[in-house]
Structures are given as C-alpha cells and as structure tokens.
Amino acid sequence: MLDYQARPDLLKGKTILVTGAGAGIGRAAAISYAAHGATVILAGRTVEKLEAVYDEIEQAGNPQPAIYPIDFKTATDSDYQQMANQIAASFEQLDGVLHNASQLGQMGPIESSHTATFMQTLQVNLNAPYMLTRYLIPLLREAEHASVIFTSSSVGRKGRAYWGSYCVSKFATEGLMQVLADELENVSNIRVNTLNPGATNTAMRRTAFPAERPTTNPFPEQLMPAYLYLMGEDSLNVNGQALNAQPIKATS
Ligand code: NDP
C-alpha cells in the first residue's frame, strides 16, 4: 500500500476524527488528511500537543481543524456519548474515524502482571474505541461513504510472549472490527477495517524496543499512503479486512 498515490483533493469536503492526534502516527495522519482536504477533529489527552498540530495545519493553509480533548483512561460511557453529540452539533456528517490512540501497558509475563494495569490498557485500547464508535455510527451513516479504521498490530494477529494486555487489546480490536464490518455491510455506507502500521519510529516503538536503533524503522509520514488509501474512496470496496501499512518485520 505504500506505493499508493493519493490525489491532492482525495478527502476534500470530508470530516475525519483522529484519536491520539497529538503525536506519532496519529499526528502524521491528521496532518496528511488535512493536506488532502479534510476537516480533521483532533482528539487526544494532551491539549498542547493537539494545539501544535492544529497550528501546523492552519499554517499550511489547510481546512481549519477542531480539537476535542479526552483522556481514554478516565472517560466514561457518557463522555463518549457527549463527544458524539458535540461532534454532531458541529458537523452534518462524519466521513471517517481513525482509531489510533493506544497505550503499550505493562510488558512482561502474564503471571506477574498487574490486574488493574491490564484492565486499564483494555480500557484505552479497546473499550474507548468501542464506545466512541457505537455513539458515532448515526453520524457516520449521514456520510455518503464512511471509513472506520481501527489500528492493530502484528501482536493483534499472532500472540507474543510478554506483550500481555497490549496484545490482547489488539486481538479484541480485530474482533470488534470484524463484528462491525459484518453488521454494517449491505445495510450502511460504512466500511470498517484494521490497519497495522508495522514497526514505526515513534515514542511507543522506542519504549517497546529500547535496544533498537530507531532509524531502522520508517517515520510515520512514510506510512501515509496506506492511511490515505483506507480513508479515501479508492478503498470503497474494502470492508472487514486486516491490512498492513508496510511489509512486516519479525518484530513489528
Ligand atoms: P505514540 O505513543 O507515539 O502515540 C500514541 C498517541 O495516543 C499519542 O497521541 C497519545 O497521546 C495518545 N494516547 C495515549 N494514551 C491515551 C489516552 N489515555 N487518552 C487519549 N489519548 C491517548 O504511538 P504510535 O504513534 O506509535 O502508535 C499509534 C498507533 O499505532 C497505536 O494504536 C499503536 O498501538 C499502533 N502501532 C504502532 C506501532 C509502532 O511501531 N509505532 C506498531 C504497531 C502498532 P499523548 O501524546 O498525549 O500521550
């Protein structure tokens, strides 16, 4: 997918929500979506980071984004309902969601894992996107074509020792995607897929692999062809798929 070339106006007139838009892959995707014409709703927990992305998009002369601060660790069901209501009050339709925010959680054997930390990772990586999607479906139905992208990982497709809650959360994300894709196929305009970015030079990767030379991995910006392809209408027939943004390394 990395050789996909998006036309400059691929996302013109579309409104797209990106979670974890302040850093890493989410930041690059928000900037890239805006550069291709989208109005991007920047969601995340660190307002200063979201504001920096907002400024970057504005300075580039791209459509004015919106900011929605939310911490997935502490947000409740009604917070997600309120978030969907507020987005619906400002926008007539939602054309896409990139569920990108995640935490790595505690690495190590299940036997010595901390139960509360395990559950918190599921809260951030799985329950939050579930609640958000559930409440956003009515607004996604208002779009002519809508794309929901859940971010997976290689460890969401094959279990790996010591990746505990993160691995489990990504497997469950694949399941959530499959259920939604099957439910919405033929009865809606909404397609739902997962995208595994693969090993990417971000803070999360550097934390997970401290001994690795970061520059052996691509920067988030280099993955954007895949993120654009799946968000735009060139992927209209793609639903219920588990896709990879780049060729997979053994450790990605
Ligand atoms: P980063 O850690 O660089 O960025 C994660 C983003 O998620 C940040 O914007 C962060 O906000 C946000 N976030 C984390 N916790 C919360 C929370 N509680 N509430 C709201 N927002 C939160 O990660 P990457 O960019 O590397 O990862 C992006 C996605 O790609 C993730 O889903 C990850 O699992 C996946 N992935 C990444 C790989 C890689 O090699 N980098 C490989 C495979 C999958 P803040 O900056 O404020 O902390």
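Strands and a helix in a predicted model

Colleague: Which residue in β6 stands opposite I149?

Modeller: This is a predicted model, and in it strand β5, residues 146-151, is joined by 6 bridges to strand β6, residues 190-196, with the two running parallel. Further along this pairing, F150 stands opposite T194 in β6. For I149, the residue opposite in β6 is N193.

Colleague: How many of the residues of β5 are buried?

Modeller: From β5, the residues A146, V148 and F150 point one way, whereas S147, I149 and T151 point the other way, and all are buried. The strand is thus described as mostly covered, and its count of buried residues is 6 of 6.

Colleague: Why is β6 said to be largely enclosed by the rest of the structure?

Modeller: On one side of β6 stand I190, V192, T194 and N196, and on the other stand R191, N193 and L195, all of them buried, which leaves both faces covered. A residue counts as buried if 20 or more other C-beta atoms lie within 10 Å of its own. The strand is largely enclosed because the number of its residues that are buried is 7 of 7.

Colleague: What is the bridge partner of T194 in β7?

Modeller: Strand β6 is joined by 3 bridges to strand β7, residues 242-244, and these two strands run parallel. Within β7, the bridge partner of T194 is A242.

Colleague: Which helix makes a β-α-β unit together with β4 and β5?

Modeller: Strand β4, residues 96-99, runs parallel to β5 and is joined to it by 4 bridges, with S147 of β5 as the bridge partner of G96. A right-handed β-α-β unit is also made by β5, β6 and helix α5, residues 164-184. For β4 and β5, the unit is likewise described as right-handed, and its helix, residues 115-141, is α4.

Colleague: How far apart are the end C-alpha atoms of helix α3?

Modeller: Helix α3, residues 77-90, has 14 residues, and at 1.5 Å a residue these should span 20 Å. The distance in the model agrees with that expectation, the end C-alpha atoms being apart by 20 Å.

Colleague: Which exposed residues does α3 carry on the face turned away from its buried side?

Modeller: In α3, the residues Y80, M83, A84 and I87 are buried. They cover an arc of only 95 degrees around the axis, which puts them on the same side of α3. The buried residues of this helix pack against β1, β2, β3 and α4. On the face turned away from that buried side, the exposed residues are S78, N85 and A89.

Note on methods:
Residues numbered from 1 in each chain as written. Predicted model: local features only at pLDDT ≥ 70, side-chain atom pairs only at ≥ 80, totals over all residues. Buried ≥ 20, exposed ≤ 12 C-beta atoms within 10 Å, placed from the backbone. Pairing = 2+ DSSP bridges. Right-handed = clockwise from strand over helix to strand, strands pointing away. Expected span 1.5 Å × (residues − 1). Arc of directions from axis to C-beta. Contact = placed C-beta atoms within 7 Å.
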